[in-house]
Amino acid sequence: SEQNKFQKWLDVEIAVCEVHFERGTIPADALEEIKTKAAFTPERISEIEKTTDHDVIAFTTNLAENIGEAARFVHYGLTSS
């Protein structure tokens, strides 16, 4: 399902953020904020994708809407090309 697909994407994003924290590139408070506030809905992602024409950008934008300032560390160092 779309819900499961995006949940797996979120699981990967959080795992990457945890590694960045371990390496000192993400502060502890930002990691905690990401882990507690990260949320999405497939419906909102679909809505955003209509303007971005990019599924990953739509996904990370929806996460950012919920996470706030710490969202700048989500997808950090990754590429979706």
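Q: Buried means under 20% relative accessible area, exposed over 50%, and partly exposed in between (1.4 Å probe, protein chains only). By that reading, is Ala-30 buried or exposed?

A: The relative accessibility of Ala-30 is 5%, so this residue counts as buried. The structure is a predicted model, in which local features need pLDDT of at least 70 and side-chain atom pairs count only at pLDDT 80 or more, while totals for chains, interfaces and linings use all residues. Residues are numbered from 1 along each chain as its sequence is written, and side-chain values use heavy atoms, with hydrogens and water left out.

Q: Where is the place of Ala-30, and with which residues is Ala-30 in contact, leaving aside neighbours within four places in sequence?

A: Ala-30 belongs to helix α2; helices (H or I, at least four residues) and strands (E, at least two) are DSSP runs, numbered from the N terminus. Contact (heavy atoms within 4.5 Å) is made by Ala-30 with Ala-70 and Phe-73, once the neighbours within four places are set aside.

Q: Which residue has its C-alpha atom 7.6 Å from that of Leu-31, and is Leu-31 buried or exposed?

A: The residue is Ala-70, which stands 39 residues from Leu-31 along the chain. Leu-31 lies in helix α2, residues 28-37, and with a relative accessible area of 9% it is buried. Beyond four places in sequence, the contacts of Leu-31 are with Cys-17, Glu-18, Phe-21 and Ile-26.

Q: How is the packing of two helices read, and at what angle do the axes of α1 and α2 cross?

A: Two packed helices are described by the angle between their axes and by the distance between those axes. Axes are lines fitted to C-alpha atoms, for helices over the stretch in contact, and angles run from 0 to 180 degrees between N-to-C directions. The axes of α1 and α2 cross at roughly 170° and come within 10 Å. These two helices are therefore roughly antiparallel to each other; angles under 35 degrees count as roughly parallel, over 145 as roughly antiparallel, 65 to 115 as roughly perpendicular and the rest as oblique. Ile-14, Cys-17, Glu-18 and Phe-21 of α1 make the contact with Ala-28, Leu-31, Ile-34 and Lys-35 of α2.

Q: Which residues does His-20 contact, leaving aside neighbours within four places in sequence?

A: His-20 is found in helix α1 and is buried, its relative accessible area being 16%. Its contacts beyond four places in sequence are Thr-25, Ile-26 and Tyr-76.

Q: At what angle do α1 and α4 pack, and at what angle do α3 and α4 pack?

A: α1 packs on α4 at an angle of about 70°, and their axes are 12 Å apart. That makes α1 roughly perpendicular to α4. On the α1 side, Phe-6, Trp-9, Leu-10 and Glu-13 meet Asp-55, Val-56, Phe-59, Thr-60 and Leu-63 of α4.

The angle between α3 and α4 is about 125°, with the axes 8 Å apart. That makes α3 oblique to α4. Here Arg-44, Ile-45, Ile-48, Glu-49 and Thr-52 of α3 meet Asp-55, Ile-57, Ala-58, Phe-59, Thr-61, Asn-62 and Glu-65 of α4.

Q: How many aromatic pairs does a search of the whole structure find?

A: The search finds five. Rings of Phe, Tyr and Trp (its six-membered ring) pair if their centres lie within 6.5 Å; planes under 30 degrees apart count as stacked, over 60 as edge-to-face and the rest as tilted. One of the pairs is Phe-6 with Phe-59, which is stacked at 5.7 Å centre to centre with 10° between the planes. Phe-6 lies in helix α1 (residues 2-22) and Phe-59 in helix α4 (residues 55-67), so this pair ties together parts that are 53 residues apart in sequence. Phe-6 is buried at 2% relative accessible area, and Phe-59 is buried at 0%. Phe-6 and Phe-59 also belong to one aromatic cluster with Trp-9 and Phe-40.
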